[in-house]
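Subject: A structure for you to look at

Hi,

Here is the structure I promised to pass on, and I hope you enjoy turning it around on your screen. Once it is open, read on for some notes on what I found.

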Amino acid sequence: MRRADRLFQIIQILRRGGYRPLTADAIADELETSKRTVYRDIATLIGQRVPIRGEAGMGYVLEAGFDLPPLMLTPDEIEAAVLGAQWVAGRGDPVLARAAEDLIAKIGVAVPERLRPFVMEPTTGTRTPYAVAQDRIDIANVRAWIRSGRKIELHYSDEQGRETRRIIWPITVGYLETVRLLIAWCELREDFRSFRTDRVQTATFLDERYPERPAVLRAKWMRTLNGGSAADA
């Protein structure tokens, strides 16, 4: 590994570690180099005014607020971004799919010439799904309502064909292989429920905001997953 790449990777490792001090031994193990080399590289980074705190034997932390220039990406990071964007382009709703295609194009223009083959000729790929269920609700609007914390009224048909009307507090959209799930707090059931977007009969996007922040509700929903997934309504 070139020294410049190793210095970049040390910053990434420290960034990933957050506020937890990382020892030179741990960094050396990940980079497959010597502890002495890590000490030397850390000293070089500090000399270049990278805000690293710590000392030998105690560990190192990258202080908050430090960032690298935009799109200073490694080949693996580029391929990860392109692979993720390919998946979204094949399975996302039309707005997100178009955004994913635009993202790949922007990465291809923004990265240095030597890294462009990792965008235009990636070594990884995703299989095109055979049949993605068609949404019966505007997912772009759903995402906007989630961000603003507003309610939606659904006319919904479950897997047995039973129809109900629900007022829901939408918190996230789950993208599975061939279907999409709208996760929400259901006022009727007084609990979290998942709604398949292809089973929605009609949807009314309400102006009324629900009483909790979407991030708080998502955290509560995630805690319920420890005991099993949210039930399909």
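Let's begin with a term you will need: a residue counts as buried under 20% relative accessible area, as exposed over 50%, and as partly exposed in between. Please also keep in mind that this is a predicted model.

You will find Glu 190 in the loop that links strand E5 (180-186) to strand E6 (191-196). Its backbone deserves a look too. Most residues other than glycine have a negative phi. Glu 190 is not a glycine, yet its phi is positive, at about 55°.

**How the helices pack**

Two packed helices are described by the angle between their axes and the distance between the axes. Start with helix H4 (residues 75-91) and helix H5 (residues 94-110), whose axes come within 8 Å and cross at roughly 155°. Because an angle over 145 degrees counts as roughly antiparallel, H4 is roughly antiparallel to H5. The crossing of H4 past H5 is left-handed. On the H4 side, the contact is made by Ile 78, Ala 81, Val 82, Ala 85, Gln 86, Val 88 and Ala 89. H5 answers with Leu 96, Ala 97, Ala 100, Glu 101, Leu 103, Ile 104 and Ile 107. Sorted by class, this contact of H4 with H5 has 12 nonpolar residues, one polar and one charged.

Now move to helix H1 (residues 3-17) and helix H2 (residues 24-31). Their axes are 11 Å apart, and the helices pack at an angle of about 125°. H1 and H2 are therefore oblique to each other. Their crossing is right-handed. H1 brings Arg 6, Gln 9, Ile 10, Ile 13, Leu 14 and Arg 16 to the contact, while H2 brings Ile 27, Glu 30 and Leu 31. The classes in the contact of H1 with H2 are five nonpolar, one polar and three charged residues.

**The nonpolar cores**

Which residues touch the most other members of the largest nonpolar core? In this core of 17 residues, they are Ile 10, Leu 14, Ile 27, Ile 42, Leu 45 and Ile 52. The elements that contribute two or more residues are H1, H2, helix H3 (35-47) and strand E2 (59-62). H1 gives the largest share, five residues.

Leaving out residues up to four places away in sequence, Ile 52 touches Leu 14, Ile 42, Leu 45, Ile 46, Tyr 60, Val 61 and Leu 62. Another core, of 15 residues, lies apart from this one, and its members include Ile 137, Tyr 156, Val 173 and Ala 184.

Ile 152 belongs to strand E3 (residues 150-157). Is it buried or exposed? At 0% relative accessibility, Ile 152 counts as buried. Not counting residues up to four places away in sequence, its contacts include Val 142, Trp 145, Arg 166 and Phe 205. Ile 152 and Arg 166 are 14 residues apart in sequence, and their C-alpha atoms are 8.2 Å apart in space.

Thr 74 is placed in the loop between E2 and H4. Thr 74 counts as buried because its relative accessibility is 13%. Beyond residues up to four places away in sequence, Thr 74 touches Phe 8 and Gln 9.

Pro 117 is in helix H6 (residues 117-120). At 40% relative accessibility, Pro 117 counts as partly exposed. Pro 117 and Pro 75 are 42 residues apart along the chain, with 9.4 Å between their C-alpha atoms.

From Leu 225 to Arg 3 is 44 Å, C-alpha to C-alpha, and the two are 222 residues apart in sequence.

Happy exploring, and write back with any questions!

Best wishes

Definitions and conventions: Residues are numbered from 1 along each chain as its sequence is written. This is a predicted model: local features need pLDDT of at least 70, side-chain atom pairs count only at pLDDT 80 or more; totals for chains, interfaces and linings use all residues. Side-chain values use heavy atoms; hydrogens and water are left out. Axes are lines fitted to C-alpha atoms, for helices over the stretch in contact, and angles run from 0 to 180 degrees between N-to-C directions. Helices (H or I, at least four residues) and strands (E, at least two) are DSSP runs, numbered from the N terminus. Angles under 35 degrees count as roughly parallel, over 145 as roughly antiparallel, 65 to 115 as roughly perpendicular and the rest as oblique. A crossing is left-handed if the near helix is turned anticlockwise from the far one by less than a right angle, and right-handed if clockwise. Contact means heavy atoms within 4.5 Å. Ala, Val, Leu, Ile, Met, Phe, Trp, Tyr, Cys and Pro count as nonpolar, Asp, Glu, Lys and Arg as charged, and the others, Gly among them, as polar. A nonpolar core is a set of buried Ala, Val, Leu, Ile, Met, Phe, Trp, Tyr and Cys residues joined through side-chain atoms within 4.5 Å. Buried means under 20% relative accessible area, exposed over 50%, partly exposed in between (1.4 Å probe, protein chains only).
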